[in-house]
Amino acid sequence: MQKSKIFYLSSEIEPFSKSYDLSLFSRRFTTNLHQAYNLDLRLSQPKYGFISERKYILREVIRLKDMPIDFQEKTILTNMKSAFIPDSKVQVYFLECDDYFKDISYLIYKSKNGRSYSNNQEKFAYFSKSVLSSLNSLFWSPEYIICNDWQTSYVPAILKHFYKNDPFFENIKTIFFVHSLNEESLLDPKLLDEFNLKGKFSSALEMAFSNSDAIILFQSNNNLFEQLKKKKKLYKIFKSKPSTVIDVSLEIDFDWSDCFAKIESVIEKT
């Protein structure tokens, strides 16, 4: 991974947003990766309304202001603001769209009464398309895009099917990180039409597994790999790709070196 350009996408990153282990993983993994390697690492997550711009010193990025994103038969103006993970030099781009993210509760996928939002698939599909579109405005083409869990499941599929004839995106590889097998299983046919994906996949994780260049499953005392084996279709796709299972701990003194070595080994096979 020396000198690689990596775009790391997550629905939540500690301390800005946190509803499950993905948040802390995103912080610990990226800050340790940045310290260990000489690479151009940039992160992105949605700008939820509860994230304090003043507390975390979010700044406007002129090139990423009022980007027109065509989505669901309308054009939505979208901004991205920049900050750093506290006590690090790891840059985070926050995708700001009031229509989808301003009124989200701190539970992110659920309202405060515990009910799942009905448009979870739609808003994260919008996030996926928007962050990919932002790369043109940044004049930055990463070598790898790291996607995390079902929330970014559209990214590999959009790259393979929607941008397949765009030379700007043709050399980007996607690495899909699995932390949980929970997913929004019902794919909206309108969203699949949006990205030329109609009739191709039955679930978000199947879509992500099928289109990623590599898959890495992270588990921490939760027998996640055993759970994956029971999902025969997903497991078959997992075994057909460059893939591995990595045991991790989110303790602050965890040694990430073995984890990074295994990821490098998988990437070399893509």
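Residues are numbered from 1 along each chain as its sequence is written, and side-chain values use heavy atoms, with hydrogens and water left out. Since the model is predicted, local features need pLDDT of at least 70 and side-chain atom pairs count only at pLDDT 80 or more, while totals for chains, interfaces and linings use all residues.

Helices and strands are DSSP runs numbered from the N terminus, with helices being H or I of at least four residues and strands being E of at least two. The expected span of a helix is 1.5 Å times one less than its number of residues. Helix α1 (residues 21-36) has 16 residues and should therefore span 22 Å at 1.5 Å a residue; its end C-alpha atoms are 22 Å apart, which agrees. A residue is called buried at under 20% relative accessible area, exposed at over 50% and partly exposed in between (1.4 Å probe, protein chains only). In α1 the buried residues are L22, S23, F25, S26, R27, R28, F29, T30, T31 and L33. Contact means heavy atoms within 4.5 Å. The cover over the buried residues of α1 includes the strands β1 (5-9), β2 (40-46), β7 (144-148), β8 (173-178) and β9 (214-219), together with helix α10 (257-267).

Two further helices are mostly covered. In α4, 16 of the 19 residues are buried. From its first C-alpha to its last, α4 reaches 27 Å, close to the 27 Å expected at 1.5 Å a residue. The residue that follows α4 is F139, with a positive phi near 55°. In helix α7 (residues 204-211), 7 of the 8 residues are buried, namely A204, L205, E206, M207, A208, F209 and N211.

A nonpolar core is a set of buried Ala, Val, Leu, Ile, Met, Phe, Trp, Tyr and Cys residues joined through side-chain atoms within 4.5 Å. The largest such core has 97 residues, and those with the most contacts inside it are F29, I145, Y154, F177, F209 and I263. Helix α4 supplies the largest share of this core, 8 residues. When neighbours within four places in sequence are left aside, I263 is in contact with M1, F29, F177, I216, F218 and I246.

A pair of aromatic rings is described by the distance of the centres and the angle of the planes. Rings of Phe, Tyr and Trp (its six-membered ring) pair if their centres lie within 6.5 Å; planes under 30 degrees apart count as stacked, over 60 as edge-to-face and the rest as tilted. By this rule there are 36 aromatic pairs. One of them, formed by F101 and F124, is tilted, at 6.3 Å centre to centre and 50° between the planes. This pair links distant parts of the chain, with F101 in helix α3 (residues 98-101) and F124 in helix α4 (residues 120-138), 23 residues apart. F101 and F124 are both buried. The ring centres of F225 and F238 are 6.1 Å apart and the planes are at 55°, so this pair is also tilted. Here too distant parts of the chain are linked: F225 is in helix α8 (residues 224-230) and F238 is in helix α9 (residues 232-240), 13 residues apart. F225 is buried, with a relative accessible area of 17%, and F238 is buried, with a value of 3%.

The structure holds 0 disulfides, a disulfide being a pair of cysteine sulfur atoms within 2.5 Å. The cysteine sulfur closest to that of C147 belongs to C259 and is 16 Å away, too far for a bond. C147 counts as buried at 0% relative accessibility, and C259 is buried at 2%.

Some backbone features lie in loops. The peptide bond from E14 to P15 is cis, with omega near 10°, and P15 is found in the loop between β1 and α1. N196, in the loop between α6 (189-194) and α7, has a positive phi near 60°. N196 counts as partly exposed, at 47% relative accessibility. N221 is not a glycine but has a positive phi of about 60°; N221 is found in the loop between β9 and α8 and counts as exposed, at 83% relative accessibility.
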